[in-house]
Amino acid sequence: MNQPIIELKSVTKSFGPVNVLKGIDFTAHEGRVTALVGDNGAGKSTLIKGLAGVQPYDGGEVLFEGEPVHLHHPRDASRHGIEVVYQDLALCDNLDIVQNMFLGREEMATGAFDEGRMEVEAAAALQSLNVRTVSSLRQKVASLSGGQRQTVAIARAVVKQARVVILDEPTAALGVAQTEQVLNLVRRLADNGVAVVIISHNLQDVFQVADDISVLYLGSMTARLRREDTNADDVVGYITGTKSMEAMA
Ligand SMILES: Nc1ncnc2c1ncn2[C@@H]1O[C@H](COP(=O)(O)OP(=O)(O)O)[C@@H](O)[C@H]1O
Ligand SMILES: [Mg+2]
C-alpha cells in the first residue's frame, strides 16, 4: 500500500495511573475505510480524541503524510484536514442545513461567504456524496431524520475539504434503511479520496464498508487486518481477547 496519510507510532495516553493507550500503532489511507473496533473501554474514543487534538497523546509519534506533526489543539487537526464526526453530531436544531454545514466557519464572520455561495457549496458537497434524500437545503435540522442528520454532519466535513474523516458510531442510532444510506455515504467519501476511520460495534456494518480493520483490546492494538483476509469470527476473537496479535502484511 502507498504511504498512509495518518500514521500513529507507539502512541500512549494515561489518566493518572491508568494506561489507556499502551503504545498504539495505527494507519489510515486515502481512499480507504478503516474500521476501528473494540469492546467498551478498549480506548477507541481516547485514540480518536488524540487525532482530533482535543486530548493530546502523552507519548509516541503522529505522522501526517510521513512527516511528524503535533496535534495539541483541535485547530492543529483542522489545519491538516482531520475532522471528527462525533456521536452527538453537534448540529444546531434551530438552524437549517446550509447554516449547519458552515457553522463556526471564520469565512462567515468575515463576510467572505455569503448565503448564496454557502448554498452552492452545500449542494455540491451533498452531490459529491450522491445524496438524494434531502429535499430542501433550507430545512431546519430539527425536522430531519437520524440518517439525514448524519448526512449533514458528514457533508460538513466535505465542505471543509477534510482529508481524514473520523466517524464515531455513525449508525448506532439508525434503522436498517438509514444505516444503509449512511454506509453508502461512508463508501462514497472514501471513493472521493478521503481517508475514513469508522468506529463501530456492528460487525455487519464493518464488513460491509471497511477495507481495513484495526482492533483495540484493553489499550493495545491486537490486530490490523484487511477485510478480505479475515472474517467476523476472527474479529470477534480479537475484540474479546481470545485471539491476539496479527499485523497487516
Ligand atoms: N478523561 C478520563 N479520565 C479517566 N479515565 C478515562 C478518561 N477517558 C477515558 N478513560 C478510561 O479509559 C478507558 C478507555 O476509554 P475510551 O477511550 O472511552 O474507550 P472506548 O471508546 O473504546 O469505549 C476506559 O477505561 C475509560 O474509563
Ligand atoms: Mg467510546
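Ala, Val, Leu, Ile, Met, Phe, Trp, Tyr, Cys and Pro are counted as nonpolar, Asp, Glu, Lys and Arg as charged, and the others, Gly among them, as polar. On this scheme the shell around ligand 1 holds three nonpolar, five polar and two charged residues. The model is predicted, with pLDDT of at least 70 needed for local features and 80 or more for side-chain atom pairs, while totals for chains, interfaces and linings use all residues. Residues are numbered from 1 along each chain as its sequence is written, chains are lettered from A and ligands numbered from 1 in the order in which they are written, and side-chain values use heavy atoms, without hydrogens and water.

The shell (residues with a heavy atom within 4 Å of the ligand) consists of Phe15, Val20, Asp39, Asn40, Gly41, Ala42, Gly43, Lys44, Ser45 and Thr46. Its largest share, three residues, is supplied by helix 1, residues 44–52 (a DSSP run of H or I, at least four residues). Oxygen atoms of ligand 1 lie 2.7 Å from a polar backbone atom of Gly41, 3.2 Å from a backbone N or O atom of Ala42 and 2.9 Å from one of Ser45. The protein buries 58% of the 560 Å² that ligand 1 exposes when taken alone (Shrake-Rupley method, 1.4 Å probe).

Beyond four places in sequence, Val37 is in contact (heavy atoms within 4.5 Å) with residues including Lys44, Leu203, Val215 and Ile239.

Definitions and conventions: A polar contact is a pair of N or O atoms within 3.5 Å; within protein, one must be able to donate a hydrogen and the other to accept it, and residues adjacent in sequence count only if both atoms are side-chain atoms. Helices (H or I, at least four residues) and strands (E, at least two) are DSSP runs, numbered from the N terminus.
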